[in-house]
Every structure is written in C-alpha cells, then in structure tokens.
Amino acid sequence: MRKKLAAGNWKMNGSAALLDELANLATQQDADAPQVIICPPSPLLIPAVAATQTSAVQIGGQDCHSAQTGAHTGDVSAQMVKDTGASAVIVGHSERRADHAETNADIRAKVQAAWAANLLPILCIGESEAERIGPNTLAIIAAQLDASMPDGATGDTLVIAYEPIWAIGTGRVPTMDQIIETHDMIRAELTKRFGAEGDKFRILYGGSVKPNNAAEIFTAKNVDGALVGGASLKAADFQPIIDALQAS
Ligand code: PEP
C-alpha cells in the first residue's frame, strides 16, 4: 500500500504571514491522513519548520544544488535544506529546467545530493504542450524519467511528480484518459527498470489541481497524490485537496 502524499509548492510566493495558514492546516492533520509536505521558498524554511513542529506536516525545499559547497551564488545545498529541519526537496521542476537550463543529468545529480543529505527528493517530469500534441508524448516522458532518475532509487527514497508543463498554473488539466495513460506508463517504466520495487514508488500528478478537480484525479489507480502550486497557498484550498486524497 503506497502512502498518499499531498505536496505544496509555494514557488516564489509566501510570507511569514502565510505561515499562519500553514499552522491552520497543520492542526487539521491526524495519523491516518495522507503525508503532507509544504515547500516554501528557502528563507521561509526555518520558520515553516518551527510552525509545524507539533504537527504531522513536513517541510521541503524547492530545489538544491548537486554540490555540497562552493561558488554557486544564490544556490543552497541539500545539506543546508536538511539543516533547516526540512525532510524533502523538489528537484527538476519545469520552472527550474526552463529558468536555469537544468538538464536531466543535473537533476539526476541533485537526486543523489538529496539522498546524501537524507532528504526525500520529489522528482518532476512532464511534457511541453508541443510534446503533448506531437506523436511521441509517452516516449518523451519515459526518456525524461529514465535520464533524471539515478540507479538505486526505491519507493522509500524517491517520489515522482508527473507535471505536464502546459497544465502548470494555467487552469488547464489533461483529460482523465491522458492522466491514467501517462501514470500507467510511468508505473510500467518503473517496473521494467526496478522490478517489484517499481510498484512501491509514489507517482504524484501536478498541474492545476484544485478543490473542484482533485477527487476525480485521485480516482486513477496510479495517482498517489498531488504536487500542488497555487492551491497550496491557502489552507481553504489545500485542505479540501488533502481531504479528497484521504477519501480516495
Ligand atoms: C507546480 O508548481 O508544481 C504546480 C503544479 O502549480 P499549479 O498547481 O499552480 O498548476
């Protein structure tokens, strides 16, 4: 049985005031609830860890460098993220791939850095709109997964987030047939590469998940949760998504 996971990506949003929302969310968690990880910007990691200290909500970073230290102005290492008290980190988000020209090889190295720091990497993959319209959509996603994911990954040490780039922040969502087909393909690829372990990886869907579409998305058998951007910025939006996941 895979533990359901709702992860919130605040991107370059949020403030100390928004941490109050986080605390509200935290008070509504219980032991049977899905795992919840909030990923605020780096300067908010420490206060976010403090705000959720007595709750089941965990905190994650939005990125880490693959190196441990060095001349990388503006970057943070995986160990620095870990030292804030965070337990996870997003790697390979399409906005990082686009804004910072991150390659699959860079992202694979970041996953390994996250492991070395004992962080749970949430590895993002997903196609552009042109790739979705084109004839090779599934093969493109499979190749990205294969190239971004290091050997030695296990269901306990890596989470995958399938995020079609054209669905992020747009209010557009793939059809259920597309979500099911893509998640089933990712599961098949994981099983092909990792054998029985492939069944243990959690595969999140991300891209305009909202309170009004979450329940339907969670009906897909290989959707184990969501990576949520905009709707994770308000407890009033994020909590119903968590509740829909719990009910699924
Ligand atoms: C994201 O940032 O990963 C994301 C899925 O954003 P949104 O939910 O706003 O589309």
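**Note on salt bridges, packing and burial**

1. E102 counts as buried, at 9% relative accessibility (buried is under 20% relative accessible area, exposed over 50%, partly exposed in between, with a 1.4 Å probe and protein chains only). The model is predicted: local features need pLDDT of at least 70, side-chain atom pairs count only at pLDDT 80 or more, and totals for chains, interfaces and linings use all residues. Residues are numbered from 1 along each chain as its sequence is written, and side-chain values use heavy atoms, with hydrogens and water left out.

2. Which residue does E102 meet in a salt bridge? The partner is R96, at 3.0 Å, N to O. A salt bridge here is a side-chain nitrogen of Lys or Arg within 4 Å of a carboxyl oxygen of Asp or Glu. R96 is buried too, at 18% relative accessibility.

3. R96 also forms a salt bridge with D63, at 3.2 Å, N to O. This pair links distant parts of the chain. D63 sits in the loop between β3 (58–61) and α3 (78–83), and R96 in helix α4 (residues 94–99), 33 residues apart. Helices (H or I, at least four residues) and strands (E, at least two) are DSSP runs, numbered from the N terminus. D63 is buried, as is R96.

4. R193 and D151 form another salt bridge, with their closest N and O atoms 2.8 Å apart. R193 is in helix α8 (residues 176–194) and D151 in the loop between α7 and β6 (159–162), so the bridge ties together parts 42 residues apart in sequence. R193 is partly exposed, at 29%. D151 is exposed, at 62%.

5. The whole structure holds 15 salt bridges. R2, R187, D199 and D224 are joined in a network of them.

6. Helices α5 (residues 104–116) and α7 (residues 137–148) have axes that come within 8 Å and cross at roughly 45°. Axes are lines fitted to C-alpha atoms, for helices over the stretch in contact, and angles run from 0 to 180 degrees between N-to-C directions. N104, I107, R108 and V111 of α5 make the contact with Q144, A147 and S148 of α7; contact means heavy atoms within 4.5 Å.

7. A220 lies in the loop between α9 (214–217) and β8 (225–228). Its relative accessible area is 5%, so A220 is buried. Beyond its neighbours within four places in sequence, A220 contacts M176 and I180.
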